[in-house]
Amino acid sequence: MKPFKTIRAACVAAAAGTAIAAAIITAAMPAQAVEVTIGYLGRQEPPREPLSFVEPILEDEGIQGAQLGLKDNATTGRLLGQEFKLDEVIVPEDGDPAAAAREMLGRGVRLIVSDLPAQALLAIADLPEAGGALILNARARDDSLRRDQCRANVLHTIPSRAMLADALGQYLVFKRWTRWFLVEGPGEGDKKLAEAIRRTAKRYNTRIVVDKPWTFETGNRRTDSGAVNERDAIQGFTQVDDYDILIVADEGDQFGEYLVHRTARPRPVAGTQGLVPTAWSRVTENWGATQLQRRFERQAGRSMTERDHTAWLAVRTIGEAATRTNSADPKTIEGFIRSPDFALGGFKGQPLSFRPWDGQMRQPILLVNPRMLVSVSPQEGFLHQVTELDSLGDDRPETQCRF
């Protein structure tokens, strides 16, 4: 019987130890959970029609990333007695985001994730009620928002076009592909990206040997003769002086894919198609990214896009600051986010932080093709006196931002 008494005594002791540990944890936690409310503001819009049936039509980009970020915040917040709430507002297509933001601010929400284009973002940031708020831009990549149109109450988790262009440019210089053929699409975003690429070419002393606007009207590629017509048209369009790589600016994904494997010379394609610089891609598996990808897929039933990831980063930025400061006060949270002590793990190999001169999140840029991570910028050899991440986009001496 002695062994049974010993076992019983051990069980009693273990139960007592568990009770003591639970009491210690309970005593350390606040008597009542503190709530941290994060606003999410988006607008309904027609889903982008993909160029190929291979890609799904997405109607929930952004918000899915924010919801996963909220779950991740809750994991650590629960231990500190913090509860995170997402105040989601999706404005109708013909609605006014500024009016919705005014109502959200009236509810006392001071930490807002913006999934809106540049003009709508500026309208919100300029509201008198938003003066004491912090807005995290997860959607608009316009360089102007980091330059002459920057706002003191706005931070950016999505990289600017200048950052994407520099990331691609560094890799091309590393490969010694320094003669570029630039094709600019007709869209407003296409023109802005093309301008960023021209800036990068000057910055890294490369040459744009050919600079052409896209004028070819693509027919119905799904007709029996569609592939032949496109082949012949692009063959003529790309009969130009020799170059190392074709860089296409087609943010709307209207024509860039047609150029791949159809150019007159056997040359690679990069930019918005081919080799693509991006904040996130479903092909990345490094630095624990597979774990994030799988958790997102279980939640959303699809792959995480760049827009999802930048919304996830915005929500996680607030959660990380709230956890590190053990505070739900928006000003305390914002102060820590802007401090040199802030660092966020974004599954990209380096801690992420914000530049004090324009509010842009420092982050590596992935260079991917449809199935593989090709490289990551900053590239080796592109040095910086503070951090190599500041070699992407506007550095402090170059900034036009004046808060």
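Predicted model: local features only at pLDDT ≥ 70, side-chain atom pairs only at ≥ 80, totals over all residues.

**Sheet, cores, disulfide and a helix**

Biologist: How many disulfides does a search of the whole structure find, and which residues are joined?

Modeller: The search of the whole structure finds 1 disulfide.

Biologist: How many residues apart are Cys150 and Cys401?

Modeller: The pair links distant parts of the chain. Cys150 sits in the loop between strand S4 (134–137) and strand S5 (154–156), while Cys401 belongs to the segment after strand S15 (372–377). The separation is 251 residues.

Biologist: Is Cys401 buried or exposed?

Modeller: Buried means under 20% relative accessible area. Cys150 has 7% relative accessibility, so Cys150 counts as buried. Cys401 has a relative accessible area of 5%, so the term for Cys401 is also buried.

Biologist: Where is Ala140, and is Ala140 buried or exposed?

Modeller: Ala140 is placed in the loop between S4 and S5. Among the residues Ala140 touches are Leu116, Ala118, Leu145 and Ile158. Pro117, also touched by Ala140, is 23 residues away in sequence and 5.1 Å away in space, C-alpha to C-alpha. With 3% relative accessibility, Ala140 counts as buried.

Biologist: In the largest nonpolar core, which residues touch the most other members?

Modeller: In soluble globular proteins, nonpolar side chains tend to be buried together. Here the largest nonpolar core has 37 residues, and its largest share, 8 residues, comes from helix H10 (residues 306–325). Apart from it lies another core of 24 residues, including Met104 and Ile135. In the largest core, the residues that touch the most other members are Ile333 and Ile337.

Biologist: Why do the buried residues of H9 line one face of the helix?

Modeller: An α-helix has 3.6 residues a turn, so residues three or four places apart point the same way. The buried residues of H9 are Ala289, Leu292, Gln293, Arg295, Phe296 and Ala300. Seen down the axis of H9, they line one face because they fall within an arc of 165 degrees.

Biologist: Which exposed residues does the face of H9 turned away from its buried side carry?

Modeller: The buried residues of H9 pack against helix H2 (63–77) and H10. The face turned away from that buried side carries the exposed residues Arg294 and Arg298.

Biologist: How far does H9 reach from its first C-alpha to its last?

Modeller: H9 covers residues 289–300, which is 12 residues. After H9 comes Gly301, with a positive phi near 75 degrees. At 1.5 Å a residue the expected reach is 16 Å, and the reach in the model is close to that, at 16 Å.

Conventions
Residues numbered from 1 in each chain as written. Heavy atoms only, no water. Core = buried A, V, L, I, M, F, W, Y, C linked by side-chain atoms within 4.5 Å. Buried < 20%, exposed > 50% of the residue type's maximum accessible area, 1.4 Å probe, protein only. Helix = DSSP H or I, 4+ residues; strand = E, 2+ residues; numbered from the N terminus. Disulfide = S-S within 2.5 Å. Expected span 1.5 Å × (residues − 1). Arc of directions from axis to C-beta. Contact = heavy atoms within 4.5 Å.
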